[in-house]
Amino acid sequence: MFDSLDAVWTHAWARLLAGARSGGDPFHQGVLATASADGPQARYAVLRAVDPGGGTVAFHTDRRSPKVAQLAADPRVAWCFFGHGEQVRLAGTVVLHHDDDGAEAAWSASRRSSRQNYAGLNAPGTAVALPGEGGPPGLGAPPLDAATLDRARANFAVARLQVHSLDWLSLSAQGHVRARFERADGGWQSAWVTP
């Protein structure tokens, strides 16, 4: 399938780029794992931005969510994607962006349906009496008014992951293949590893 680690590296980042660009791509969402006082926590997160040159990927989140507090306490994460018979696992540290140019640019580029996700009255995970109570308005709701849009923007954050390792695995009846890339000394060290 691949005859060089450089080809795998380029291919793995291309998979991530495709995931960030298309909601229909299997790499659009991956399982994100964080640490908490209660033990590991995992949930799906939508891949929003990819920078192969800088070795970063990003997702958006509600700054009131428990995962933001978890990331503030311990910024180390693992993020796993699967599709096309391939798995890409990323590990690294997250930097949160709330009220800076990067967050503003991401907010401005977001669709209306995405912005509505941050307009809920309650923080994600708040106990409620009725299903959906205090959450964001549905897609059939009228456009956000200025006050609601301001509140939604205040709840919005970008989490940018500085990738420290990338593990790529291809599953095939012809034979599985795996490669690992580790950030070291300002560059990347790569190796074929046993699948």
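**Close-up views of a predicted model**

View 1. Arginine 178 sits in strand 8 (helices, H or I of at least four residues, and strands, E of at least two, are DSSP runs numbered from the N terminus). This is a predicted model, in which local features need pLDDT of at least 70 and side-chain atom pairs count only at pLDDT 80 or more, while totals for chains, interfaces and linings use all residues. Residues are numbered from 1 along each chain as its sequence is written, and side-chain values use heavy atoms, with hydrogens and water left out. With a relative accessible area of 17%, arginine 178 is buried (under 20%; exposed is over 50%, partly exposed in between; 1.4 Å probe, protein chains only). Its side chain makes a polar contact with the side chain of aspartate 167 at 2.8 Å (N or O atoms within 3.5 Å, one able to donate a hydrogen and the other to accept it; residues adjacent in sequence count only if both atoms are side-chain atoms).

**View 2. The pair of tryptophan 9 and phenylalanine 181.** The structure holds ten aromatic pairs (ring centres of Phe, Tyr or Trp, the last by its six-membered ring, within 6.5 Å; planes under 30 degrees apart are stacked, over 60 edge-to-face, the rest tilted). Tryptophan 9 and phenylalanine 181 form a tilted one, with 5.1 Å centre to centre and 55 degrees between the planes. Tryptophan 9 lies in helix 1 and phenylalanine 181 in strand 8, so the pair ties together parts 172 residues apart in sequence. Both residues, tryptophan 9 and phenylalanine 181, are buried.

**View 3. The pair of tyrosine 118 and phenylalanine 156.** Tyrosine 118 and phenylalanine 156 pair edge-to-face, at 5.2 Å centre to centre and 85 degrees between the planes. Both tyrosine 118 and phenylalanine 156 are buried.
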